[in-house]
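I opened this model to look up a few local features. My notes follow in the order I took them.

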Amino acid sequence: GAFPTTAMVLAAGIGKRMRPLTDTRPKPMVEVAGRMLIDRNLDRLAAAGVMTAVVNLHHFGNLLEAHLKTRNSPKIIFSDERALLLDTGGGVANALPRLGAASFFLVNSDSLWLERDSNLARLAAGFDPAKMDALLLLARPENTVGYEGKGDYFLNGGGRLRRRAATETAPFTYAGGAILSPRLFDGAPTGSFPLLALFDRAEASGRLFGLELLGKFLHVGTPAAIAPAETALRQHG
């Protein structure tokens, strides 16, 4: 498929698990090794050729907006959710008019990847809008830092995904990056809803695909996860 030049950066969440740091700032402004999470993600998007990033705002939205106004690359467009937090799915759906008609990258502002080759470029090369509504970047447990959980997905031979049942443990975790087609949102609910609802719907129609991350997925979800992420960044060089 064509290389997306637009990205959605999810930055509106309250960051409850990141307290007390998020009592005074939004989670995307938490620093890891001297650079804010959101800037690390925007740097990566810019390096991959993304021209425009839509960033949603809610928790400490004024602080985040003021910080990002100093950036030129990528160009930042704000999607204001200060009046009502729309969750991940509602947040992207609300921003669709700003994202344009083409497929776009989705990035969680608290996900960092250590990589030699660009996983964004690999997603772009692997995305086929004719048969996919979403292509998710996935990490194996041994390639994750700071993630505790039972995984999210099983990946079959053709790259299609199946979400694990509550009783299962799955070999892949969603690594906080994806390419989405606007088609994913056809007939989507209004208001606040999780992206997972749309991923499940795409899975049911055989249009949810996955790609294994090459490198390491650093999940910076709690204050305790910052030090291991910093160590991993230092070792990566």
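**Helix packing.** I began with H1 and H2, which pack at an angle of about 45° with their axes 12 Å apart. Axes here are lines fitted to C-alpha atoms, for helices over the stretch in contact, and angles run from 0 to 180 degrees between N-to-C directions. That makes H1 oblique to H2, since angles under 35 degrees count as roughly parallel, over 145 as roughly antiparallel, 65 to 115 as roughly perpendicular and the rest as oblique. The crossing of the two helices is right-handed; that is, the near helix is turned clockwise from the far one by less than a right angle. I took helices (H or I, at least four residues) and strands (E, at least two) as DSSP runs, numbered from the N terminus.

Which residues meet? Ile38, Asp39 and Leu42 in H1 meet Leu64, His67 and Leu68 in H2. By class, this contact has 4 nonpolar, 1 polar and 1 charged residues. Ala, Val, Leu, Ile, Met, Phe, Trp, Tyr, Cys and Pro count as nonpolar, Asp, Glu, Lys and Arg as charged, and the others, Gly among them, as polar.

**Ground rules.** I noted that this is a predicted model, where local features need pLDDT of at least 70, side-chain atom pairs count only at pLDDT 80 or more, and totals for chains, interfaces and linings use all residues. Residues are numbered from 1 along each chain as its sequence is written, and side-chain values use heavy atoms, with hydrogens and water left out.

**Asn41.** I stayed in H1 (residues 37-47), where Asn41 lies. Is Asn41 buried or exposed? Asn41 counts as buried because its relative accessibility is 2%. The cut-offs are under 20% relative accessible area for buried, over 50% for exposed, and partly exposed in between (1.4 Å probe, protein chains only). Beyond its neighbours within four places in sequence, Asn41 is in contact (heavy atoms within 4.5 Å) with Val107, Asn108, Ser109, Asp110, Ser111 and Leu112.

**Met8.** Next I checked Met8, found in strand S1. Met8 is buried, with a relative accessible area of 0%. Met8 and Leu106 are 98 residues apart in sequence, yet 4.8 Å apart in space, C-alpha to C-alpha. With neighbours within four places left aside, the contacts of Met8 include Val54, Asn56, Ala95, Phe104, Leu106 and Val107.

**Strand pairing.** I then turned to S14 (residues 216-219), which pairs with S7 (residues 111-114) in the antiparallel sense over 4 bridges. Two strands pair if DSSP finds at least two bridges between them. Leu114 has Lys216 in S14 as its bridge partner. S9 (residues 144-145) also pairs with S14, in the parallel sense over 2 bridges. There, Val145 has Leu218 as its bridge partner.

Most residues other than glycine have a negative phi, and most peptide bonds are trans. I looked for exceptions.

- A cis peptide bond joins Arg19 and Pro20, with omega about 5°. Pro20 sits in the loop between S1 (6-10) and S2 (31-32).
- Another cis bond joins Ser73 and Pro74, with omega about -10°. Pro74 is in the loop between H2 (61-68) and S5 (75-80).
- Ala33 has a positive phi of about 50°. Its place is in the loop between S2 and S3 (35-36), and Ala33 is partly exposed at 43% relative accessible area.
- Phe60 has a positive phi near 50°. Phe60 lies in the loop between S4 (52-57) and H2, partly exposed at 31% relative accessible area.
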